[in-house]
Amino acid sequence: MSPLLAARRPLVGVAILVTLLALAAVRTGVARADGPGSGSPWVATVGDSYMSGEGGRWAGNTVLDDPADVDAGGASAYFDNATHTAETIPNCHRSSAAEAHIGHGVSSVNFACSGATTSTETVGGDFKPGLDFASTASDDGQAASLRDFAETHNVKLVAISIGGNDLHFADIITQCVTDYLTSTVLLKNVCNNDTSVTANLTSTNLAAVTAAIRGAITHIHTAMADAGYSESQYTLLVQNYESPIPPGSGFRYSQGGLNRGLVGCEFWNADADWANTTLLPTLNGLIASAAGGLSYTNLRTMNLSSAFNGNRLCETGAETIDESDHATWQDAGASDDFEWIQSIHAVQVLSPFQVQESMHPNWWGEHALRNCLRQAYNNGSPVGGTCTRDGAGLTADGEPKMDLN
């Protein structure tokens with residue numbers, strides 16, 4: 001053997017040893033990429049339109065004014081692909097204003113989809129990922145997407161909003177609006193006793209929806225476990241729904257008059273009362289029951305039922321931009337004066353407002369919810385609570401002042 005070969009042999013042995021040690025380090029977790037408990041923190045959101053950010057393009061409502069004056073998000077507001085040029089799933093409307101994006105050193109990912117129920121389905125040709133593990137050639141259910149993402153990102157909080165579409169909330173609202181538009185003050189058709197509405201509120205259906213919500217939360221918990229998380233490494237935050245309209249006595253327009261139809265709040269007082277005393281408490285009660293039936297140590301809840309009180313659609317004290325002294329949504333005080341809920345658009349007309357945006361939190365509503373979610377994140381030690389308005393004005397982050405307690 002030549003001296004040169006003899007000199008090289010130990011070096012080859014050292015190289016092999018170093019490689020083996022490096023591989024062993026990766027396998028034992030000594031050196032690892034981002035994932036469960038490792039790396040910069042992330043917040044993930046899953047659920048339906050009240051989480052995706054539907055309606056978040058608009059920072060107020062208008063009938064006569066230029067829509068551009070309340071257009072805070074622009075035409076690309078729902079474009080959530082990497083280049084912000086299109087939606088990753090058409091009509092999921094994952095808004096740039098969505099509550100997920102709390103910032104302050106915390107990254108965010110939004111898997112929620114407008115129109116989603118607890119189970120994945122296709123509606124009117126649109127794919128609607130549910131909170132399950134469905135897998136198709138192009139898209140997955142939200143639980144599956146979360147699992148795959150969480151494997152390589154340090155997800156500290158998963159916020160969940162689901163159940164409204166399982167109870168057919170949009171269909172109920174549509175019926176209420178239809179009944180308003182097809183009757184008169186003397187001959188009212190109210191939706192609260194309409195059979196197409198009450199059929200959703202039978203004890204059998206309510207039990208089924210509760211089970212579906214509980215199953216959806218369970219799927220999200222399973223997704224995180226499959227991604228390698230223990231309950232101590234992240235928090236599940238289940239939120240309920242905020243009241244979008246005031247009770248009948250809280251409307252600033254008389255029922256039966258032209259204005260309620262013009263500004264998009266077509267409800268009889270009796271139906272508005274019923275929505276606040278029966279429909280919303282029933283839905284939020286199902287969510288509370290579903291979450292309460294689980295024994296996860298890392299599960300928290302956030303009550304949003306009164307978060308928008310004072311700025312609801314057509315509420316006394318709130319305004320459209322047409323009724324106000326503000327020229328645009330960016331004027332000082334506009335967030336205090338404007339409605340935080342997008343008005344009802346019964347049909348698609350020659351305007352940028354979309355039917356599916358109706359009755360959803362707008363730009364200001366989404367930013368209020370974002371403030372709530374940031375407080376729930378609590379610098380990485382998440383908490384639950386009830387979030388309500390906390391005075392006039394905006395925070396340093398440009399969000400309405402809110403309080404989680």
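Counted along the protein chain, the bonded cysteines pair in the pattern 1-2, 3-4, 5-6, 7-8. The model is a predicted one, and the count of disulfides in it comes to 4. Three of these bonds are followed here in chain order.

Cys176 is joined to Cys191, with an S to S distance of 1.9 Å. The torsion about this S-S bond is about 65°, so the disulfide is right-handed. Because Cys176 belongs to helix 4 (residues 169–181) and Cys191 to the loop between helix 4 and helix 5 (195–198), the bond ties together parts 15 residues apart in sequence. Both Cys176 and Cys191 are buried.

The sulfur atoms of Cys265 and Cys314 lie 2.0 Å apart in another disulfide. This bond links distant parts of the chain, 49 residues apart: Cys265 is in the loop between helix 7 (258–262) and helix 8, and Cys314 is in the loop between strand 7 (299–303) and helix 9 (334–337). With a torsion of about -90°, the disulfide of Cys265 and Cys314 is left-handed. Cys265 has a relative accessible area of 0% and is therefore buried.

Cys372 and Cys387 also form a disulfide, their sulfur atoms 2.0 Å apart. Its torsion of about -85° makes it left-handed. The bond ties helix 10 (residues 363–377), which holds Cys372, to strand 8 (residues 385–394), which holds Cys387.

Technical notes
Residues are numbered from 1 along each chain as its sequence is written. This is a predicted model: local features need pLDDT of at least 70, side-chain atom pairs count only at pLDDT 80 or more; totals for chains, interfaces and linings use all residues. Side-chain values use heavy atoms; hydrogens and water are left out. A disulfide is a pair of cysteine sulfur atoms within 2.5 Å. Helices (H or I, at least four residues) and strands (E, at least two) are DSSP runs, numbered from the N terminus. Buried means under 20% relative accessible area, exposed over 50%, partly exposed in between (1.4 Å probe, protein chains only).
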